[in-house]
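Me: I have a new model to read. Take me through the features one at a time, general idea before the case.

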Amino acid sequence: MSNDSSVRIAAALRAWIRDAAPGAQLPSSRRLVAEYAASPITVQKALRRLVAEGLVESRPGVGSFVRAVRPARGPDFGWQSGALRTPRADLPRIAGPLQTPPPEAQALHAGYPGPDLLPERLVRTALGRAARGAAATSRPPAAGLPDLRAWFATELADATPTQLGVATAHDVIVAPGSQSALASIFRALVAPGQPLLLESPTYWGAIQAARQAGVELVPVPSDAHGPEPAEVERALRETGARAFYAQPSFANPTGARWSAERAEQVLDVVRAHGAFLVEDDWAHDFGIDAEVTPLAARDDAGHVVYLRSLTKSVSPALRVAAVIARGPARDRILGDRAAESMYVSGLLQQAALEVVSDPGWRTHLRRLRVQLRGRRDLLAAAVREHAPSLHLAAVPAGGLHLWARLPDGTDAERLVRDCTAEGVWVAAGDEWFPAEPAAPYLRLTFIGPEPAGYPQAMRVVERAVGLQKR
């Protein structure tokens, strides 16, 4: 038999194993190579597949043997229910955007850019340089490497008007990604059971972090232009909240971008109530038709706690973010960070610094803007032409997503399942609401592979919508 496919070799061996007794020795690798006219590497790949499936066990120097069948019934872990008691907070399932599709799927659900949108060469070179330096073997300060903190502070200072005081490296705390940073910020600023204002809809990760911190979530309605200042004022006044989480630049998921006037009005409201505004500048590097000017650049009195992440724009393997806060708030956040993780890997910090300090970083960002514009426009056109049941209130001037409203009465979760069955992965909008969804939505990302597949993907979505109309 001449066949060099490891898949087919594994299938043939499965049939042999079904009739073999437990403990029986499989033919030697040399015999299998001859029998199937395959390479040793192909045969070993087939055997590794069988080992992973639990059908075969390998004994180095002896051979491969049929594994004894184990009882189907697993151990009883019921005792743990009594030991663990009721969880102190709702334990969320893995969010839709974090789920991994098969390689052949059209992925429109995830929040991380694919490798073709990342500075791969810069990242690989930076990791190599960092590994050869002191960062590979030394413990960094709890607040982060001084040079990286200075880079974050300088970036914000460059956007700050001359009449205001600028953030310094002392105000910067490096965290292992924005999700971990959000958890520390919420724990530091809001006591358990106390209210935290959030835009609605807003980033699902912030919702999860707030729930894990045990705070009370208070939704503030937000549209394509952000929240109305009057709504923020009313929520602060009625609840007594002292913190408001928001994404003023290209919000996830709506793409909303606050105008300069609205930003100043919201800041005035926050200042009047003696509160904090937690600014999540997640899309700082993803401006397409507009630049990002952080709200933190308008405040030098410590009302704005600023969060800036590099994870999405540099590499998901370099989970590095920065919190810029002033006064006692900074000390509390740093204390929480140190208690949770002590410090962020100096190797990752140094690599991140190497990337953003390289002249090629700016070149990459200019190229990225062009790529994002093309993909955004292609997906928006596909929605309008091939999925007319979806409504786009606006095409965002930056960010990574489109926020599409479904017809009233659509079961978004069922639609997601129907699309997944046809190889199209989309995300139901329910996860982005702190309370009940205002309407059924889909969040569609334009950063996955194969943008040429957008039209066909939207035809699949339209068919799934049509099935629910019948």
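**Reading the fold**

Reply: The protein chain has 16 helices and 16 strands. Helices (H or I, at least four residues) and strands (E, at least two) are DSSP runs, numbered from the N terminus. This is a predicted model, in which local features need pLDDT of at least 70 and side-chain atom pairs count only at pLDDT 80 or more, while totals for chains, interfaces and linings use all residues. Residues are numbered from 1 along each chain as its sequence is written, and side-chain values use heavy atoms, with hydrogens and water left out.

Me: What percentage of the residues of the protein chain count as buried?

Reply: Start with the cut-offs. Buried means under 20% relative accessible area, exposed over 50%, partly exposed in between (1.4 Å probe, protein chains only). Here 50% of the 470 residues are buried.

Me: Which residues does Phe244 touch?

Reply: A contact means heavy atoms within 4.5 Å. Leaving out residues up to four places away in sequence, Phe244 touches Leu196, Val220, Trp258 and Phe276, among others. Now the whole chain. Of contacts between residues at least 6 apart in sequence, 74% join residues at least 24 apart.

Me: How do I read strand pairing?

Reply: Two strands pair if DSSP finds at least two bridges between them. Take strand E1 (residues 56-59) and strand E2 (residues 63-66): they pair in the antiparallel sense over four bridges. Val56 stands opposite Val66 in E2. Three residues lie between the strands of this hairpin, where Gly61 takes a positive phi near 85°.

Me: What is the order of the strands in the open sheet of four strands?

Reply: The order is E12-E13-E16-E15, with antiparallel pairing. Strand E12 (391-392) and strand E15 (427-428) are the edges, each pairing on one side only. Strand E13 (residues 401-405) and strand E16 (residues 441-445) are joined by five bridges. Ala404 has Leu442 in E16 as its bridge partner.
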